[in-house]
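Visitor: I am new to this structure. Please take me through one part of it closely, step by step.

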Amino acid sequence: MPDDATTAYSGTSMSTPHVAGALALMREANPGTPMTELIEKLKTTGRPYVYEAAGAQVSTPRLDLAAAITGATTQPPVSQSPAPEPPPGELEPNPTDSSGPTPQPEEPGDQPSTPPSPVPLPTVTVTVTVTQTATPAAPAAAVCTRGTAAHNGAKKLSAKKWAVELHRSSGKLSDETLTCYLKLIAKSSKVFPELTKASSLGKAYRVIKGTSSGKAKLDGALLTAWLNWAHGTNGTKALTAAEKVRLSSKPSAKALKKATTNILKTVK
C-alpha cells in the first residue's frame with residue numbers, strides 16, 4: 001500500500017494475481033514444462049489448511065511457491081477447527097471458589113505446540129532485454145508501363161496466341177504483366193472496358209474468343225491490337241478509326257467487317 005502501509009483484502013480479485021504470479025515464476029524456472037503440469041504441481045505442493053464448513057472437514061491447500069519451485073516436501077497440515085465446547089451441565093471451575101480444587105500448573109508437555117514458521121519464498125530476479133530490430137523497407141511497387149518486346153525483336157501475337165496468354169498460368173507472360181496491359185488499354189482506348197467490360201483476365205479472354213456477332217469479332221480484333229500495342233509491337237493509328245465504327249450507334253455489318261479486317265492486318 002502507499003506510504004509503506006498494509007491492509008487486507010479478500011476475494012478472487014486478490015487471489016488471482018497471486019496464482020498468476022506464482023505460475024509465471026514457475027514457468028520461468030521450468031520453461032520446458034507444460035502449463036498443465038505446473039498448475040497441478042502448484043496444487044499438490046500447497047500446505048493443507050483443514051477447517052470445518054457446513055458440518056464437514058474441508059482441506060484447502062495454501063500456495064507454497066518455494067515447495068512448488070524447489071521441490072521441497074509439503075508442509076504438514078494446519079487445523080483451524082475450533083476447540084470442542086464442554087458438554088452441557090458441566091461448569092467451569094471458579095478460581096475464586098475456595099471449595100473447588102486448586103488449579104495446578106500444567107506440565108511442560110501439555111503446552112500447545114508452536115506452529116511451524118512459514119518458509120520464506122525465494123527471491124527471483126527477472127531480467128528483460130529488449131532488442132530493437134530495424135523494420136525492412138517495403139519494396140517499391142512495380143510501375144505499370146508498356147512492354148519493350150519490339151526492342152527485343154519479338155513479333156506481334158495473334159488473337160489465338162493472346163488467348164493462350166490471357167488464360168491463367170498458361171502463357172509466358174505473368175498475370176501481373178497482363179493486368180498491367182489491361183490497365184494501359186483502359187486509359188488509352190474509348191472501347192475498353194466501357195463497352196466490353198474487359199477489365200479482368202477472364203473477361204478479356206472471353207472478348208478475344210468472341211465470334212458470335214460482327215461487334216464481338218471487332219471487339220476481339222481491337223483487343224488483340226491493343227494488347228500488341230501494350231506489349232510494344234503495335235501502333236494505334238488503325239485502332240482509332242476502328243473504334244469510331246464500334247462506337248457508332250448502329251454500325252452496319254459491312255462496316256464492322258471492314259473495320260475488323262483492317263485491324264487484323266495490323267497484327268500480322
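**A close look at helix 4**

Guide: Four residues of helix 4 are buried: Trp-162, Ala-163, Glu-165 and Leu-166. Viewed down the helix axis, these buried residues fall within an arc of 160°, so they line one face of helix 4. An α-helix has 3.6 residues a turn, so residues three or four places apart point the same way. Keep in mind that this is a predicted model.

What do the buried residues of helix 4 pack against? Their partners are helix 5, helix 6 (201-209) and helix 7 (214-231).

Now pick out Glu-165. This residue sits in helix 4. Glu-165 is buried, yet it has no salt bridge. The nearest side chain of opposite charge belongs to Lys-172, and it is 6.6 Å away. A salt bridge would need the side-chain nitrogen within 4 Å of a carboxyl oxygen. The backbone of Lys-172 is another matter. Its nitrogen lies 3.0 Å from a polar atom of the Glu-165 side chain. Leaving aside residues up to four places away in sequence, Glu-165 touches Leu-157, Gly-171, Lys-172, Leu-173 and Leu-178.

Next, the stretch leading up to helix 4. Cys-144 lies in the loop between strand 3 (78-79) and helix 4 (159-166), while Cys-180 lies in helix 5 (residues 175-188), so this pair ties together parts that are 36 residues apart in sequence. The tie is a disulfide, with an S to S distance of 1.9 Å. A search of the whole structure finds 1 disulfide. The link between Cys-144 and Cys-180 is right-handed, with 105° about the S-S bond.

Cys-180 has 12%, so it counts as buried.

Last, follow the chain on from helix 5. Ser-199 is found in the loop between helix 5 and helix 6. Where does Ser-199 stand relative to Lys-183? The two are 16 residues apart in sequence, and their C-alpha atoms are 7.6 Å apart in space. Ser-199 also touches Leu-182 and Pro-193, again not counting residues up to four places away in sequence.

To recap: the buried residues of helix 4 line one face, and that set packs against helix 5, helix 6 and helix 7. Glu-165 is buried without a salt bridge. The disulfide joins Cys-144 to Cys-180.

Technical notes: Residues are numbered from 1 along each chain as its sequence is written. This is a predicted model: local features need pLDDT of at least 70, side-chain atom pairs count only at pLDDT 80 or more; totals for chains, interfaces and linings use all residues. Side-chain values use heavy atoms; hydrogens and water are left out. A disulfide is a pair of cysteine sulfur atoms within 2.5 Å. Helices (H or I, at least four residues) and strands (E, at least two) are DSSP runs, numbered from the N terminus. Buried means under 20% relative accessible area, exposed over 50%, partly exposed in between (1.4 Å probe, protein chains only). The arc is that of the directions from the helix axis to the C-beta atoms. Contact means heavy atoms within 4.5 Å. Lys and Arg count as positive and Asp and Glu as negative; His and the chain ends are not counted. A polar contact is a pair of N or O atoms within 3.5 Å; within protein, one must be able to donate a hydrogen and the other to accept it, and residues adjacent in sequence count only if both atoms are side-chain atoms.
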